[in-house]
Amino acid sequence: MAIIAPSLLSANFLNLQQDCDMLNQSKADWYHLDVMDGRFVPNISFGPMIVEFFRKATDKYCDVHLMIEEPEKYAEAFKKAGADNLTVHIEACKHLHRNIQQIKSLNMHAGVAINPHTPVDSLKDIIKDIDLVCIMSVNPGFGGQSFIPHTIEKIKQLKSMITAQGLNVKIEIDGGVTLDNASSIIAAGADVLVAGNTVFKSENPMAMIEKLKSL
Ligand code: DX5
Ligand code: ZN
């Protein structure tokens, strides 16, 4: 059974309370919170202030995906906002190891995200220091895009890297996850499924979460 992490980016921002209540009653495991700065990605979403509101709305694990440059400037603010995990992009970090140490020293779990063009191999000197790898299965910036099929190959590569070293690192897949492709994503070795549109644009989000969870 995979960890299901609905992406609140696809929620109704005019009525977040309703979506949070739904998630809290659902089988969703995590809140996936997408932070975008308009520099690393061509879109702007929300920052620590909104994360703090989500923190107050739920006891579930808050998985914060930072699609921002210079994440070191904001790590402390996200800790104060109540993040359980911070995931930074390998492509956005000149000093990735330092960024990871900072997140750890703030007592959060640390994740590294890789864009579709970034090889799994580029993780080999950081994999021992992190708790999660987020493999982007779309180009980050927007919800509702189509899953890039080559991701399946990357999941398998990452899974064997992790198993070979006997590590306890979660594999998270982010972008274009649907009921149709979720089983093959899990079969390839994924532990965490992020789902935005598939959950929030479905007629019955709670039932959709349950279906994803039952795979
Ligand atoms: C994309 C974000 C994703 C996105 C997922 O940049 O990181 O978390 O919101 O949305 P769907 O599941 O709709 O692709
Ligand atoms: Zn995300």
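Here are a few friendly notes on this predicted model, covering a helix pair, a histidine and a ligand site.

1. Conventions. Residues are numbered from 1 along each chain as its sequence is written, and chains are lettered from A and ligands numbered from 1 in the order in which they are written. Local features need pLDDT of at least 70, side-chain atom pairs count only at pLDDT 80 or more, and totals for chains, interfaces and linings use all residues, while side-chain values use heavy atoms, leaving out hydrogens and water.

2. The helix pair. Helix α1 (residues 16-25) packs with helix α8 (residues 205-214) at an angle of about 35°, and their axes are 10 Å apart; the axes are lines fitted to C-alpha atoms over the stretch in contact, with angles running from 0 to 180 degrees between N-to-C directions. Helices here are DSSP runs (H or I, at least four residues), and strands are runs of E with at least two. M22, L23 and Q25 of α1 meet P205, M206 and I209 of α8, where contact means heavy atoms within 4.5 Å.

3. The histidine. H89 belongs to strand β4 (residues 85-89). H89 is buried, with a relative accessible area of 0% (buried is under 20%, exposed over 50%, partly exposed in between, using a 1.4 Å probe and protein chains only). Beyond its neighbours within four places in sequence, H89 has contacts that include F40, L66, M136 and P140.

4. The ligand. A polar side-chain atom of D34 lies 2.8 Å from an oxygen atom of ligand 1. For S7, a polar side-chain atom lies 3.1 Å from a ligand 1 oxygen atom, and for H32 the distance is 3.4 Å.

Terms used
A polar contact is a pair of N or O atoms within 3.5 Å; within protein, one must be able to donate a hydrogen and the other to accept it, and residues adjacent in sequence count only if both atoms are side-chain atoms.
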